[in-house]
Amino acid sequence: MDTFASVLSQAGLGIALVAIFGTLAIIGSETNRRGLLALAKPIATASLLLIVGPPPTYIVEKLVAFGIVFSVIGDGFLVVQSDRAFFAGTAAFLTAQILYAAAFWAMRSPERPIAPVAGIVVITSAMLVVSLWKQAGALRPAVAFYALAITLMVGTALGTLGGPMHPVAALCAAIGAVLFYISDATLAWDKFRKPVPHASFVTMGVYWVGQIGIALAARMSS
């Protein structure tokens, strides 16, 4: 726990900036101030790089740092309200999910099978895709590929539990990945199925808490 306390202290500035600009982004979304949202949202996500630590030197840190960069790109596209921008944002986040999955794969326990813990996530993702399939229309391929990528990301994150990494780092990775999944599932449901009241608190608030967990896991991996 001393290690975790030390990491939290070192990452304090990044966490504070994510909290400040994340709050501003949520306010912008809730009050329909698109300019505030467009400014604050990418800054909040970019601040995650300060949590990972400059400059990243280990493979897990590098993979997560690049994943954050693609998340910033995805956030920028998702601020724009159009199907084309949504597709581009989804592609950016899909790349981020693959990078995160690669990072978690490097953190996993070789003795711990991923399939059993990932089974629940696979079933949940399949049910979600089926429920959104009709409404997704032309974006069906993007929805399907993204669901596959985020399922892989969560499955590999859960596979770090009980592995060789610091147990708190593995817990941060697992919780962060699950929160990221909840955020994106809510975003998809809100867009394609049924509007979720005050969805930004989940699609952004829970998203950044999850990303903080992933960034802390990367920092502790060193």
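Mentor: Happy to! On a 1 Å grid over the protein atoms alone, a cavity is a set of points where a 1.4 Å probe fits but cannot get out, and lining residues have an atom within 4 Å of a point. Points are joined across faces, edges and corners, and a volume is the space filled by probe spheres set on them. The model is predicted, so local features need pLDDT of at least 70 and side-chain atom pairs count only at pLDDT 80 or more, while totals for chains, interfaces and linings use all residues. Residues are numbered from 1 along each chain as its sequence is written, and side-chain values use heavy atoms, with hydrogens and water left out.

The structure has 1 cavity of 30 Å³ or more, and the largest cavity holds about 290 Å³ of space. Its lining is made of 20 residues, and Val143, Tyr146, Asp184, Ala185 and Ala188 lie nearest its centre. Two or more lining residues come from each of helix 6 (83-107), helix 7 (115-136), helix 8 (140-158) and helix 9 (167-193) (helices are DSSP runs of H or I with at least four residues, numbered from the N terminus). Helix 9 gives the most to this lining, 6 residues. By class, the cavity lining has 16 nonpolar, 3 polar and 1 charged residues (Ala, Val, Leu, Ile, Met, Phe, Trp, Tyr, Cys and Pro are nonpolar, Asp, Glu, Lys and Arg charged, the others, Gly among them, polar).

Follow helix 9 and you also come to the largest pocket, where its 5 residues are the largest share of the lining. A pocket is an open set with protein on both sides within 12 Å along at least five of seven lines. About 580 Å³ of space lies in the largest pocket. Lys41, Leu78, Leu187, Asp190 and Thr203 are the closest to its centre among 25 lining residues. Besides helix 9, at least two lining residues each come from helix 2 (12-30), helix 3 (34-46), helix 5, helix 6 and helix 10. The pocket lining divides into 10 nonpolar, 8 polar and 7 charged residues.

Rings of Phe, Tyr and Trp (its six-membered ring) pair if their centres lie within 6.5 Å, with planes under 30 degrees apart stacked, over 60 edge-to-face and the rest tilted. The count by this rule is 6 aromatic pairs. Phe180 belongs to helix 9 and Tyr207 to helix 10 (residues 200-221), so the pair ties together parts 27 residues apart in sequence.
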